[in-house]
Amino acid sequence: MSTTGMAAGRQDGPHPFDVDTASHPGGDGRRGATVSDRWTVLTGHPNGGYLLALAVRALHEDIARPLPLVVSGFFLRPANPGRASLSTEVVRDGRRTATGQARLVQDGKEIVRATATFGDLGDGGPTHTVNTVPDLPPPEECTDPMAGIELPGVSMLDQIEYRTPRLPGWMRGAPSGRPEWEFWMRMVGREADVAALPMLVDAGPPVVMELGEKGSSTVELTVHVRGRPAPGWLACRAATRHVSDGYHEEDFDVFDSTGTLVAQSRQLAILT
């Protein structure tokens, strides 16, 4: 399975993701930022993966390593579009990796606390992948699940597009009872890169909706960056195996257009 292609609707000037994850030095070890309203989800609040990408990019400004290898974010309370501040700290700078933490704050309250270890990939080390690439028809032979659907207040759908062989059961009013989904995804007007991966692993609808649930909110999200994405659509697999007392995990794998695993994540979420 392999497909390539350019993201639709390329834009002149900086892409919204690059604008909306930017921050600027503000003195006293802090950075100023604006939480954008272009990444809101069903709750009306900005998406957690977008907030994590904002925090990790700010931390990366302090760490002279090529890319984040592993990122973990704790979501302490919902964010709102508007002004925010970030504080960053480099905890350790070693020979091969460097680790730091970032805090995203609004109105004096901590919204997200993120830790990340930065390093590099592609040094020729052993590579072995047991997990298989989702067996999907080419994107052009798939269905746009959002075609004809309007969700006021869910602005993130303007930034991400999806293709799937068939509509998920919950979208047809008949949840399958199997909380899993394999699909294509890409950013509108921008190729995916490493900076976007912490957002993209949180960009799909919660697969627990296949159990008839309305959705869920992320408590903690860990992302492993496994490679630099090649241009084109991303093949994604999301799955939940356990729901316990209203909490569930969701595993998410991302393969690029060459079939290479580029990110995997696990989050703990609470049903809403």
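Guide: The cysteine sulfur closest to that of Cys142 belongs to Cys236, and because the two are 12 Å apart, they are too far from each other for a bond. Taken from the side of Cys236, the closest cysteine sulfur is that of Cys142, again at 12 Å and too far for a bond. A disulfide is a covalent bond between the sulfur atoms of two cysteines. Here a disulfide is counted when a pair of cysteine sulfur atoms lies within 2.5 Å. A search of the whole structure by that criterion finds zero disulfides.

This is a predicted model, in which local features need pLDDT of at least 70 and side-chain atom pairs count only at pLDDT 80 or more, while totals for chains, interfaces and linings use all residues. Residues are numbered from 1 along each chain as its sequence is written, and side-chain values use heavy atoms, with hydrogens and water left out.

As for accessibility, the classes are buried (under 20% relative accessible area), exposed (over 50%) and partly exposed in between, with a 1.4 Å probe and protein chains only. Cys142 counts as buried because its relative accessibility is 13%. Cys236 also counts as buried, because its value is 0%.

In short, Cys142 and Cys236 are each buried, and the sulfur of Cys142 is too far from that of Cys236 for a bond.
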